[in-house]
Amino acid sequence: MKKWNVVIVLGAAQFVMVLDGTVMNVSISTVVDDLDTSVAAMQAAITFYTLTMAAFMLFGAKLGDVWGRRRAFVIGSCVYAAGSLITALSPSVGFLFLGWSVIEGLGAVLVIPAIAALVADNYQGRDRVTAFAVVGAVSGAAVAAGPLIGGAVTTYSSWRFVFVAEVVIMLGVVICARMITDSTPRRSIRIDVGSVLLSSAGLVLIVFGMLQSKTWGWVIPLDRPEIGGIPIAPLGVSLTTWCIALGAVLIAAFISWQRRLIRDGRAPLMQPDLFAISTLRSGLSVLGAQYAVTAGLFFMVPVYLQMTLGLDALETGIKIFPLSVSLILFSVVGTALSRRWSPRRIVRVGQSVLVLSALLLLASVTDDLRSALFALGMFLAGSALGLLASQLGNVNMSSVSEKDTSEAGGLQGVFQNLGSSLGTALIGSILIGALSTSFASGVATSDLPSEVQATVSAATDRGVTVVPAADVAGLAADAGLGDEDAAELAEIYRESQLSSLRVAFVGLIVISLLSILFSRGIPSEAMVRRRAEAAADAPETT
């Protein structure tokens, strides 16, 4: 068991990195009251945390090459612990923003690429497959456990203790880091500032555009941002489109600049030729799609359980729990299957099960929750994610040479970030768009008086926000509607929420189906068979 101490340490760090992205979502209202701030300010803090990681992930990976992977891992863990401590003690949203969104984000960009590179450094063969499966399972478990942990701690104590626990865990990680082997020599290179600026600006614009799509709209402007009272929508097109387009141009310029640096004999921030490796390209694409589906799922499920059914954060976490159990279980199953099955076969089985789970979850979306069907759907979703987690990390990191593992780890972090942002943006846009359409249609065909219909139409002409269905009657009464009209409006809104959730689940099914196309480059031979053939071809020694 001693050989697994390293992956336990790295897994603990990975758990904290992923947990931080989900644990606060269920605690927003409590934090708003505690720090006397607004929901908008909290959402900005969450967004900026994502942007910080998007901006500097490749830079953090390159620092791992320069400083050494273990040293970067330790420094990043210390920075992250400092950010968590500031967040736990924050007296205002400004301190929370500094500790969580900035300092923790900067620590994460050092830790996340180093984890992948150090797993590759410390394990070989089947042990490497198992180690990456463990890290993948830990990531998925953290995503699923985040709402449960956040809900329980917030309900029975204080949200601040989540960050206190993170400080303790990361300090333990730092103390135990000495047992981690860093066999890859440091590289004495100069990091090109222009490359950092181009990659950071490009990734920030793309991720920010995706995250803002629910507010700004994808192409047709919805809620236009204003500067000096002037709405901003160049040529009548949403800023989302412009942000993503400009970001793509900057990324293209970044890749071109990397090739020029190589021609001039200078060190690039990232080797663009890595994308010529079909296995890595396919593995990263499937990884991004997996995180898009996961983010979309964890956007929709809380909306359904909390907003439509009225469950609290702890009850929501309990309903999600089957996913955590099956994810860990099937990460182990996937590792065992890799003795007989190829990575491509395991990945495609996982992707197919993911489609099936989305279909079951779609069938469970009713006004009274089909609990058994929902639990089975969540269990199968976790099973699918566990099978994917058991393969993708090893597929990606084994497709590059030892000297490129930091860059591959950084690219994994980038694709995880892009996938999560895209999944949230796409599913969020589908959900809100369908909700607006369904609610408007429901009001127009209802028995509500024409003047009430006109009032509701005027109040929702810029879209419908997601609010607890149980609160709609009270909001309608506050707006001057009679009790009968308010009750009918609440029922229309509840049915519209269910309808939009079904549409969003169909969108999730489509994304899951499309992700199967990305798996063509995943290795089609079982690793055991490939090693056996390699041993048979090796020259005999006497």
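**Helix α4 against helix α5.** I began with α4 (residues 69–89) and α5 (residues 93–122), whose axes lie 7 Å apart at an angle of about 155°. That angle makes α4 roughly antiparallel to α5. Axes here are lines fitted to C-alpha atoms, for helices over the stretch in contact, and angles run from 0 to 180 degrees between N-to-C directions. I noted the handedness too: α4 passes α5 in a left-handed crossing. Left-handed means that the near helix is turned anticlockwise from the far one by less than a right angle, and right-handed means clockwise. By class, the contact of α4 with α5 has 19 nonpolar, seven polar and four charged residues. Nonpolar covers Ala, Val, Leu, Ile, Met, Phe, Trp, Tyr, Cys and Pro; charged covers Asp, Glu, Lys and Arg; the others, Gly among them, are polar.

**Ground rules.** I am reading a predicted model, in which local features need pLDDT of at least 70 and side-chain atom pairs pLDDT 80 or more, while totals for chains, interfaces and linings use all residues. Residues are numbered from 1 along each chain as its sequence is written, and side-chain values use heavy atoms, with hydrogens and water left out. Helices (H or I, at least four residues) and strands (E, at least two) are DSSP runs, numbered from the N terminus.

**Helix α12 against helix α17.** Next I looked up α12 (residues 343–364) and α17 (residues 483–517). They pack at an angle of about 170°, with axes 9 Å apart. The two are therefore roughly antiparallel. On the α12 side, the contact includes R348, Q351 and L354; on the α17 side, it includes R502, F505 and V506. Contact means heavy atoms within 4.5 Å. I listed the classes as eleven nonpolar, three polar and two charged residues.

**Helix α10 against helix α14.** The axes of α10 (residues 278–308) and α14 come within 7 Å and cross at roughly 40°. That makes α10 oblique to α14. This crossing is right-handed. Among the residues that meet are G288, Y291 and A292 in α10, and G419, S420 and G423 in α14. Which classes make up the contact of α10 with α14? I found twelve nonpolar, ten polar and no charged residues.

**V286.** I stayed in α10 for V286. Its relative accessible area is 2%, so V286 is buried. Buried means under 20% relative accessible area, exposed over 50%, and partly exposed in between (1.4 Å probe, protein chains only). Beyond four places in sequence, V286 touches V347, Q351, L388, L392, S515, F518 and S519. I also checked V286 against S90, 196 residues apart along the chain: their C-alpha atoms are separated by 38 Å.

**V174.** This residue lies in α7 (residues 160–176). V174 counts as partly exposed, at 23% relative accessibility. Leaving aside neighbours within four places in sequence, V174 is in contact with V74, S77 and C78.

S438 is in α14. Its side chain makes a polar contact with the side chain of S496, at 3.5 Å. A polar contact is a pair of N or O atoms within 3.5 Å; within protein, one must be able to donate a hydrogen and the other to accept it, and residues adjacent in sequence count only if both atoms are side-chain atoms. S446 sits in the loop between α14 (405–444) and α15 (450–459). Is S446 buried or exposed? At 15% relative accessibility, S446 counts as buried. The S446 side chain reaches the backbone oxygen of V443 at 2.7 Å. Not counting residues up to four places away, S446 touches Q453, E488 and I492.

**Two positive phi values.** D36 has phi near 50°, a positive value in a residue other than glycine. D36 is in the loop between α2 (28–35) and α3 (39–67), and is exposed at 71% relative accessible area. L235 also has a positive phi, near 60°. I placed L235 in the loop between β2 (230–231) and α9 (239–263). At 78% relative accessibility, L235 counts as exposed.

Note on methods: Parallel < 35°, antiparallel > 145°, perpendicular 65-115°, else oblique.
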